[in-house]
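Visitor: I'd like to learn how to read the features of a fold like this one. Could you walk me through it?

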Amino acid sequence: MPRAGVTHDITIEDSGGTNRRGFMLTRRNGKRNWASQDSQTISPRILSMGEVTHSELPPELELIWFQEDWSLGIGGINDRLDPKRLAFSNKIDTSVPGVLKPAREATLTAIQSGETPNNYRPTGFGVIPMITAAATINYDLWLFLGRDVYKLAPENDPPDWSRETEPLNADVQYRNAVIFGTTAIAPSWYVGSDITDCASPYMYKAATDTNWTSSTITAGRFKYMTVGRNSSGAEILWGANHIFKTARTVNETFNDSDTTLTLDDAASGHIAVNDIILIGALGAQETLLVTGVSSSDLTVVRGYGSTARAHSSGAIISLYQPHVIKSSSDPSNAGSWSTAVEIGTDDSPITGIVVDGDTDTILVTKTDGIYSYTTDGQVRNLTTLFRQFGHTDNFRGAYVWNSHILLPLGGGGLLDFNYANASIRDISLSHLAPEQTGVHGPVLAMHGDPTHLFALVKDSSTSHYYVMQANEVEHDGATEFRWHILAKLGAGGTTYPSRVNIMVDTSRSDRRRLWVGYEEASVSSMPYYFAFGDTGDDEDDGYTNDTDIYADTVKWDANLPRVSKRYESIELETRNLGAGGRQITVQYKLDNADEWTTLNTATDSPIQSLNFPLGTTGKTLELRFVPALTAVGTTAAELHSFRLKAQLRPDATKLYPMTVYLASKQQTLNGAIGGSPKADLKQLRLWDAAPADLVFGTPDKQDPKSVIFMPGSLQEREIHNEHGRTSEYTVTFTLAEV
């Protein structure tokens, strides 16, 4: 029976409402041929090229995520973009390809009973030559704990520190010692409240000496030291950021506001305009800027970088020269230092001095750039761009490792400077690990051996330190530094970035250790060491059993980040699980969830499979592996690979297969006679040739669908009348809901 207002079985129109067409479906037994079906949105595939890792089944049957190498360290984000990486880890070592295991335990050392230091400030170490009675050279390990010096007693179990004779009774900290011939020299920094971190008298120790000696040379105050060559090729010691004791003293008592200062004799030849002078001994110091010189009178700016204070007659006058370097072939008190070499200006202090190789070219880092000095007297600023980016801590802790001149930035970050072509490469952790913001703080200290580089990095937001290990790893034709976090140290109290240090000790054939020291308020800080070798004593150093060990994988989306997957199981290949309580707990997060969900714990080696709860689905998956030991042990719980099985669960897409009848004298649903078959066919061909969003409607106009033509689905059949002319068509095509 005709229905008023309803003319066709279906309608199709452009999304903009133009080109609206109505169509009559073909009938079967008098009924419309109407149906819908779910589509297969992901085509089946069989891998035929490249490496096959455990699966060739179509993705709707099985998906596999397999990983067996994490040697590219932390900083990864997505599995397909970051192979061989972790997102983040803590106290995990993946530097050996194919092994993920806990890092070595951070071993806290102690001093011998009754030998308490003046303060707990472990800021320097030294592997010091020692000539024995048999005229053979051995090496002692020394710790500089504030003003006190301690020697390691390795024969004790556990090894502890024995306090030796104090070199200087002053509030100082000693930095890592440098070796010049068979003499060790350790720079000293003053840490009193009047002028913090200025140079203090260095100390030295010859290989035949029992104790350390404080320098009494007039030019014996440098913040930084290194060893290079002079123009004759002989080894020479360099000191930088200098305080020089002049031959002048204050000739009167003056208060904290006087700006005219009278000396005991004429200033000419000793002090000049624009010099920075330092008045007083350690513990009673002030820096002043000289703006005028007249005979023995100086006009000065008070409290220039320090607090103004009163001074008595006889107070020592020193030149404060943070931009000066000097050299010596004999740093003992019987020796001397060269005349000063100015590197740039004094308003940009020197923050480090290094030598790239066994040369006579000295590289001096300052807050405004990197300068070179050669023994023919040439000084050059190699990085002029830093003239306008001077940070007070720029390049402090500069270190040369395997021809890499590594330069920490004051605000956080690390640069790799190539002296040969003066190029700079950004190797900052903010670049290599952009989402792991905790490790974006400043790099405070670095040290290493020929194959391992270590760094102490301050957390970007808390008062903790990350002990990190880096290796140069080649991947896809590029060699990069790859980082691993060995420990997170500190109790969260106030820390002092200028009072930290690290040092690698490989002086003995049976141990390879990294030493770490730092000062923390209200803590009796003592240094830690980490074993990183596999011989002798190192084999007896245990792997950590701390409860905050974990390794977070990158996100896995099976290359289909917007398609759901059902997660079935994960198979772990491990070593050493079971005995000694060794186990690995697996946790997971779906679709960037805030919290981790525990899956299960693997306790059997070499292979164990853990199943996900039924119905575990999500678009992205992250895994966390948590190794555990019941106690620090010499055998680690190791993960060698994992194999995760999943299955695609895409949202169903409706398909609408259609067969329509086109004729010029066609009866529509309301009983009318009409039709434009050729025009309708032409429009169908246009929609099929250039698929665009269309609106598909049913006679009752309920729930219209947004659809497109499925490519290649249009098929047409001509129906000839008795005169041989085409007057009718049947056309089949498929619409896909979008």
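Guide: Let's begin with terms: strands (E, at least two residues) and helices (H or I, at least four) are DSSP runs, numbered from the N terminus, and two strands pair if DSSP finds at least two bridges between them. This is a predicted model, so local features need pLDDT of at least 70 and side-chain atom pairs count only at pLDDT 80 or more, while totals for chains, interfaces and linings use all residues. Residues are numbered from 1 along each chain as its sequence is written, and side-chain values use heavy atoms, with hydrogens and water left out.

Visitor: In what order do the 5 strands of the open sheet lie?

Guide: Strands of a sheet pair through backbone hydrogen bonds, either parallel or antiparallel. Here the order is 7-43-49-45-46, with antiparallel pairing. Strand 7 (88-90) and strand 46 (597-602) are the edges, each pairing on one side only. From one strand to the next the twist averages 15°; angles run from 0 to 180 degrees between N-to-C directions, with axes fitted as lines to C-alpha atoms. Inside the sheet, strand 43 (residues 550-552) and strand 49 (residues 621-628) are joined by 2 bridges, and D552 stands opposite R624.

Visitor: Which residues of strand 23 are buried on each side?

Guide: In a regular strand the side chains alternate between the two faces of the sheet. Buried means under 20% relative accessible area, exposed over 50%, and partly exposed in between (1.4 Å probe, protein chains only). In strand 23 (residues 276-279), I276 and L278 are buried on one side and I277 and I279 on the other, so to speak a strand with both faces covered.

Visitor: What does strand 23 pair with?

Guide: Strand 23 pairs with strand 24 (residues 286-294) over 4 bridges, antiparallel, and 3 bridges join strand 23 to strand 26 (residues 316-328), again antiparallel. L278 stands opposite T287 in strand 24 and opposite S318 in strand 26. Strands 23 and 24 make a hairpin with 6 residues between them, and G280 in the turn has a positive phi of about 100°.

Visitor: Which residues touch the most other members of the largest nonpolar core?

Guide: In soluble globular proteins, nonpolar side chains tend to be buried together. A nonpolar core is a set of buried Ala, Val, Leu, Ile, Met, Phe, Trp, Tyr and Cys residues joined through side-chain atoms within 4.5 Å. The largest one has 32 residues, and I570, L572, L623, F625 and L644 touch the most other members. Strand 50 (638-648) is among the elements that supply at least two residues, and its share of 5 residues is the largest.

Visitor: Where does P606 sit, and what kind of peptide bond joins S605 and P606?

Guide: P606 is in the loop between strand 46 and strand 47 (607-611). The bond is cis, with omega about 5°.

Visitor: Is N19 buried or partly exposed?

Guide: N19 has a relative accessible area of 37%, so it counts as partly exposed. This residue lies in the loop between strand 1 (10-14) and strand 2 (21-25), and its phi is near 50°, a positive value in a residue other than glycine. N402 also has a positive phi, near 50°; N402 is found in the loop between strand 32 and strand 33 (404-408) and is partly exposed at 39%.
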